[in-house]
Amino acid sequence: MPELITLDQAEAMTTEQVHDLYRRFVSRSQVSLIGSFGFGRDLVDHAEGAWIHLRDGRRVLDFTGGVGVLSHGHNHPRILAARRRFQESRRMEVHKNYFSPYVAALSHNLAALLPGDLNISYFPNSGAEAVEGAVKLAYKYHRGRRGTVLHTDIAFHGKLLGAGSLTASPEIHFPYPQIPGTDTFAYDDLDSFLLALDRHTWSSGESDVYAVVVEPFSASSLRACSAEFLRALRRICTERDIVLIFDEVYTGWGKTGALFHFMHHPGLVPDIVTTSKSFGGGKASISGYITREPIFRAAYDNLSDATLHSTTYYGFGEETATALEAVAIAVDEDFPGRARELGERLRTGLSEIADHHPRLVRRVEGKGALHGVFLTPGPHIPAKLREMLPTSVAKDPQAVSKLLTGAVVAALYRDHGILTFFGSNRAIALIVSPPLVARADEVDLFVKALDEVLDQGAARLLAGLVREKVTG
């Protein structure tokens, strides 16, 4: 029999042992990349709220928001209680042949919270799967008679082949095969959208476009579509019977100050909206797409097509039970209101930082509890740092921005015990995305730390990153 590592042994591993197993069985490159920062050399003991507690007794303020997953913070007590109740009652986890009360209740609650007739739900596992399910539904709605789906030029919809075909981010730089019939238009640009639409309109005037997928707020670039653009998009899609899909995987459940970002605009209703990340309360990997009833009825609501889109895990128990509680918390604790309060405090603090560091901070963008600080790097990578970089990285046109922003991430962690990250779209930003359970004093702690870090200036920050890379 092979010697297997037990749970107890895994929890007792040293950093060196974890790194060794990653190099051998996961990814050497991940160790090299993440190990360049202090957090790549630490192991976590436990986490609660906005704080991560390390094995060596230090605690770290988590201002990543789990990259959208942790709006509820780490280990929200109501989430833990709901999962514990499910487990202790020995509820049935997965079985396709029985109806799930959790799916039924969760679907009802989403219909009650969302506007218009967005009232039919389906629950896969990840955001990319939700996007692909939504696009598949739109294609089936048109019975395969149309062949084009449009998306924006800064879109980030996922990394699977289908969702990746709709993603326009430098993070996906390898030429994977694409689903057929995709085309792009400029984000928040109605003229560009109309040109894209014209490219796929037959001489008869009929459109070949079956779906338009857009992020009302682009979390990866900190940009929002205007109300005018979104309303024009809605009107044109209605006129041409095109399925309008809003991707709110990151921005759902209050992150920008409304339950979903599109709800900042009263009366605006997409045909399908996708959700994931904080939908699982920071504990469950679950996503969903919610569609207007006429779209679903026309596509799948007949006996022959009832299981045309399904999964073995549909009806899964603990994930939907967790999401049921996560949604209730977002409503009970007024996550949109919390995001607005956090956003006002962040906007004030980050604006003061921009004024204090005009040569280093190019601009600050964002809404609610999702902001970005765009830094102004110098024109060149220091020679000592360039020598340490792989050729492909040194040639990256974003390399200087990534290095400077990465140096700020490293300094915040090393000197102040604050965990952050930077975005991966065309314009690199330090992402400021606290969980919605964060307190005002924790926001102030972050702002003060960032101000002190930027006081070091670009040269010292980059030198610190070099030292950390060398000593790490």
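The model is predicted, so local features need pLDDT of at least 70 and side-chain atom pairs pLDDT 80 or more, while totals for chains, interfaces and linings use all residues. Residues count from 1 along each chain as its sequence is written, and side-chain values use heavy atoms, with hydrogens and water left out.

User: Are H5 and H11 roughly parallel or roughly antiparallel to each other?
Analyst: Helices here are DSSP runs of H or I with at least four residues, and strands are E runs of at least two, numbered from the N terminus. The axes of H5 (residues 101–113) and H11 (residues 317–332) come within 9 Å and cross at roughly 30°; axes are lines fitted to C-alpha atoms, for helices over the stretch in contact, and angles run from 0 to 180 degrees between N-to-C directions. Under 35 degrees counts as roughly parallel and over 145 as roughly antiparallel. So H5 and H11 are roughly parallel.

User: Which residue in E11 stands opposite Phe-246?
Analyst: Strands pair if DSSP finds at least two bridges between them. E10 (residues 243–247) and E11 (residues 272–275) pair in the parallel sense over three bridges. Opposite Phe-246 stands Val-273.

User: Which strands are the edge strands of the open sheet?
Analyst: Seven strands line up as E4-E12-E11-E10-E7-E5-E6, with mixed pairing. Each edge strand pairs on one side only, and these are E4 and E6.

User: At about what angle does H5 run to E4?
Analyst: H5 lies across E4 and E12 (288–292), with contact meaning heavy atoms within 4.5 Å. Its angle to E4 is about 150°.

How values were computed: Parallel < 35°, antiparallel > 145°, perpendicular 65-115°, else oblique.
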